[in-house]
Amino acid sequence: FILDMIRFLLRRNSFISVHTIRQLHTKVDEWAIEKIRNFGIVAHVDHGKSTLADRLLEITGVVPASPSNQQLLDQLPVERERGITVKAQTATMFYNKIGTDKQTHMLNLIDTPGHVDFSHEVSRSLAACDGVVLLVDAHQGVQAQTVANFLLSFESGLSIIPVINKIDLPKANISETVQQMKSAFGYEEDEILKISAKYGTGVQDLLESIIVRIPHPTGNPKKPLRMLLFDSWYNQYRGVICLIAVVDGSVKRGDVVRSSHTGRKYEVMELGLLQPNQVPLDSLSTGQVGYLVTGMRSSSEAHIGDTLHHNDVIVQSLAAFRPAKPMVFAGIYPMDQ
């Protein structure tokens, strides 16, 4: 713990204050795509994904450090009650990379559910990512949803950073977990990071690895606008709020956009970043992830996987998601022992 505190004090110039973040918002439309990283955290349920997200938000200065910071990205009552993530959520962070240049990077965290019942939500979130953090509990080891999320990320062509969490637990079996990850996924031990999301141990090294090991988005700022709509929710006062990833071009408030799926057109009334609360901006550009308010009055208008583009421009639609498959889970148990 003392060593971690020393490292924190030595590296505190890598953190960005809340005041500086407000200044960065005014220049967000000028952000170079090479300084953007879009990533998610995938894990089996209860492996510490939400806790890691909380520490990342604290370390990057999005929220002040506080013991009350728990499940900051879990907004639904059922998520906080059960301690599981159900709905995808995003959060934008700004971080100064350690080194001679100390360049500021924009890190867009796209949160994903961990429970097997919400695997379709995971696939939707990964469509907006260029890489993922594969989180494994040091005590429980590799489990079913760990393998499923790895395969889903691998099939999507994403860069994967393997991480062992909860190394602070008395029952943590780090060496066994390393062997499981080597056997199941083919990683070498020096590729696997070891952290404690609860205490922040190793989390800054993870931030550095995200910048180095996850590629920047590959969109073209000079091409016509294409936005991927990967999630949405309904607000009774503002209508449908869409989560979007700007793949090509840029969009600003007042633009008229059209849905490739329905052909309907909408005026952009508001857009911005999530930190994790909504931060309105004048525009969003290539590689950035945020929210969009267009006056949609029904959630049925926001088709997940839809491509939004400028009204007067014809573009090729982005790849759609796999359709969701309704499932019923049942357990069968013998009457006699």
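Residues are called buried when their relative accessible area is under 20%, exposed when it is over 50%, and partly exposed in between (1.4 Å probe, protein chains only). Helices (H or I, at least four residues) and strands (E, at least two) are DSSP runs numbered from the N terminus. The model is a predicted one, in which local features need pLDDT of at least 70 and side-chain atom pairs count only at pLDDT 80 or more, whereas totals for chains, interfaces and linings use all residues. Residues are numbered from 1 along each chain as its sequence is written, and side-chain values use heavy atoms, with hydrogens and water left out.

The protein contains eight helices and 16 strands, and 51% of its 337 residues are buried. With contact taken as heavy atoms within 4.5 Å, 70% of the contacts between residues at least 6 apart in sequence join residues at least 24 apart. The mean pLDDT, the predictor's confidence in each residue on a scale from 0 to 100, is 82 for the protein, and 77% of the residues reach 70 or more. Over residues 5-22 the pLDDT is below 50, and this stretch has 28 contacts in the model beyond near neighbours in sequence. The pLDDT also stays under 50 over residues 82-86, for which the model has 22 contacts beyond four places in sequence. Where pLDDT is low, the predicted coordinates should not be read in detail.

A nonpolar core is defined as a set of buried Ala, Val, Leu, Ile, Met, Phe, Trp, Tyr and Cys residues joined through side-chain atoms within 4.5 Å. The largest such core has 30 residues, and Leu-126 and Phe-230 are those with the most contacts inside it. Among the elements that each supply at least two residues of this core are helix 5 (119-126), helix 6 (144-155), strand 7 (226-235) and strand 8 (239-248). Another core, lying apart from the largest one, has 28 residues, including Ala-43, Leu-52, Val-62 and Leu-206. Leu-206 is also one of the buried residues of helix 8, a helix spanning residues 203-213 that is mostly covered, with eight of its eleven residues buried.

Strands are taken to pair if DSSP finds at least two bridges between them. Eight strands form an open sheet with antiparallel pairing, in the order 11-10-16-7-8-15-12-13. Strand 11 and strand 13 (278-281) stand at the edges with a single partner strand each, so one side of each is left without a neighbour in the sheet. Within this sheet, strand 10 (residues 256-259) has a covered face formed by Val-257 and Ser-259 and an uncovered one formed by Val-256 and Arg-258. Strand 10 is joined by three bridges to the antiparallel strand 11 (residues 265-267), where Lys-265 stands opposite Arg-258. These two strands form a hairpin with five residues between them, and Gly-263 in the turn has a positive phi of about 80 degrees. Three bridges also join strand 10 to strand 16 (residues 307-310) in the antiparallel sense, with Val-257 opposite His-310. Strand 12 (residues 270-274) pairs with strand 13 over four antiparallel bridges, and Val-279 is the bridge partner of Leu-273.

Strand 2 (residues 89-96) is largely enclosed by the rest of the structure, because eight of its eight residues are buried. Gln-89, Ala-91, Met-93 and Tyr-95 point one way from this strand, while Thr-90, Thr-92, Phe-94 and Asn-96 point the other way. Strand 2 pairs with strand 3 (residues 104-111) in the antiparallel sense over eight bridges, and Phe-94 stands opposite Met-106.
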